[in-house]
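Visitor: I would like to learn how to read a model like this one. Where do we begin?

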Amino acid sequence: MILSDKENPEIELVDLSNREFVLRSIIEKIENYDFIIIDCPPALGLLTINAIVASDSIIIPLQCEFFALEGLTSLIKTIDLIKVNYNNKIFIEGFIKSHLKETGSAYASLGQDPLPRLHDLIALH
C-alpha cells in the first residue's frame, strides 16, 4: 500500500503538464505484480481520472440506491471519454454491491436487483 504524503494531492496535479498520466507513469515503473488495486474518492476529479487512465480494467462498488445509479451515468460517460482520449484498453470488469439491505426502501424503490441491468448498459458502450 502506498499512501500519498501530500495534504491535498489533487491540487498538486492541477498545474502539471500531462497530469492525467502521472499515476500511469509511476505504475509503469513497477515490476512483478499480478494486480494493483487503486481506491478512489467518490468524485470525478483528477485523482479518479488518473486512476482510470492508469488502469486496465475497473470494478465499480455500487450502492444499490437511486442516487448512486444516477452518479453511475456520469462515471460511465467519463470512462468512455477516457477510453477515447487516453486509454483505449480500459473496460469495466464488473460491479460490487455495497451497503445493500434487500429489505430496505431504497432497494425496493429500484424494483429489483439493478446489477443485471447495469451489465446490459455497459455492453452497449
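Guide: Begin with the elements. Helices and strands here are DSSP runs, numbered from the N terminus; a helix needs at least four residues, a strand at least two. Read along the sequence, the protein chain then gives the pattern α-α-α-β-α-β-α-α. Keep in mind that this is a predicted model.

Visitor: How many helices and strands are there in the protein chain?

Guide: The protein chain has 6 helices and 2 strands.

Visitor: Which elements have the lowest and the highest mean pLDDT?

Guide: The general idea comes before the case. Where pLDDT is low, the predicted coordinates should not be read in detail. Now the case. The protein chain averages a pLDDT of 77, and 72% of the residues score at least 70. Among the elements, helix H5 (residues 105-110) has the lowest mean, 51. Helix H3 (residues 46-54) has the highest, 92.

Visitor: Let us stay with H3. How many of the residues of H3 are buried?

Guide: Buried means under 20% relative accessible area. In H3, 8 of the 9 residues are buried, so the helix is largely enclosed by the rest of the structure. Among them are Leu46, Ile49, Ile52 and Val53. For the protein chain of 125 residues, the buried share is 28%.

Visitor: What is Asn87 in contact with, beyond its neighbours within four places in sequence?

Guide: Asn87 is in contact with Ile52, Val53, Ser55 and Ile82. Its place is in the loop between H4 and S2. With a relative accessible area of 4%, Asn87 is buried.

Visitor: Which backbone atoms does the side chain of Asn87 reach?

Guide: Take them one by one. A polar atom of the Asn87 side chain lies 3.0 Å from the backbone oxygen of Val53. The Asn87 side chain also reaches the backbone nitrogen of Ile90, at 3.3 Å. The backbone oxygen of Ile52 is reached at 3.5 Å. Asn87 and Ile52 are 35 residues apart in sequence, with their C-alpha atoms 8.2 Å apart in space.

Visitor: What share of contacts between residues at least 6 apart in sequence join residues at least 24 apart?

Guide: The share is 70% in the protein chain.

Visitor: Now the rings. Why is the pair of Phe21 and Tyr86 given the name it has?

Guide: A pair of aromatic rings is described by the distance of the centres and the angle of the planes. Planes over 60 degrees apart count as edge-to-face. The structure holds 1 aromatic pair. The ring centres of Phe21 and Tyr86 are 5.5 Å apart and the planes stand at 75 degrees, so the pair is edge-to-face.

Visitor: Which parts of the chain does the pair link?

Guide: Distant ones. Phe21 sits in the loop between helix H1 (9-13) and helix H2 (22-27). Tyr86 sits in the loop between helix H4 (66-85) and strand S2 (91-98). The two residues are 65 residues apart.

Visitor: Are Phe21 and Tyr86 buried, exposed or partly exposed?

Guide: Phe21 is partly exposed, with a relative accessible area of 27%. Tyr86 is partly exposed too, at 31%.

Visitor: Where is Phe91, and what does Phe91 contact?

Guide: Phe91 is in strand S2. Setting aside neighbours within four places in sequence, Phe91 is in contact with Asp56, Ser57 and Ile58. Its relative accessible area is 40%, so Phe91 is partly exposed. From Phe91 to Ile52, the C-alpha distance is 9.5 Å, across 39 residues of sequence.

Visitor: What is the volume of the largest pocket, and which residues are closest to its centre?

Guide: Rolling a probe the size of a water molecule over the atoms shows where empty space is left. The largest pocket has a volume of about 1,400 Å³. It is lined by 39 residues, and the closest to its centre are Ile38, Cys40, Ser57, Ile58 and Ile59. The elements that give two or more residues to this lining are H2, H3, strand S1 (57-63), H4 and S2. S1 gives the largest share, 7 residues.

Terms used:
Residues numbered from 1 in each chain as written. Predicted model: local features only at pLDDT ≥ 70, side-chain atom pairs only at ≥ 80, totals over all residues. Heavy atoms only, no water. Phe/Tyr/Trp six-rings, centres within 6.5 Å; stacked < 30°, edge-to-face > 60°. Buried < 20%, exposed > 50% of the residue type's maximum accessible area, 1.4 Å probe, protein only. Polar contact = N/O pair within 3.5 Å; in protein donor to acceptor, adjacent residues only side chain to side chain. Contact = heavy atoms within 4.5 Å. pLDDT = per-residue confidence, 0-100. 1 Å grid on protein atoms, 1.4 Å probe; cavity = no way out; pocket = protein on both sides within 12 Å on 5 of 7 lines; lining within 4 Å. Points joined across faces, edges and corners; volume = space filled by probe spheres on them.
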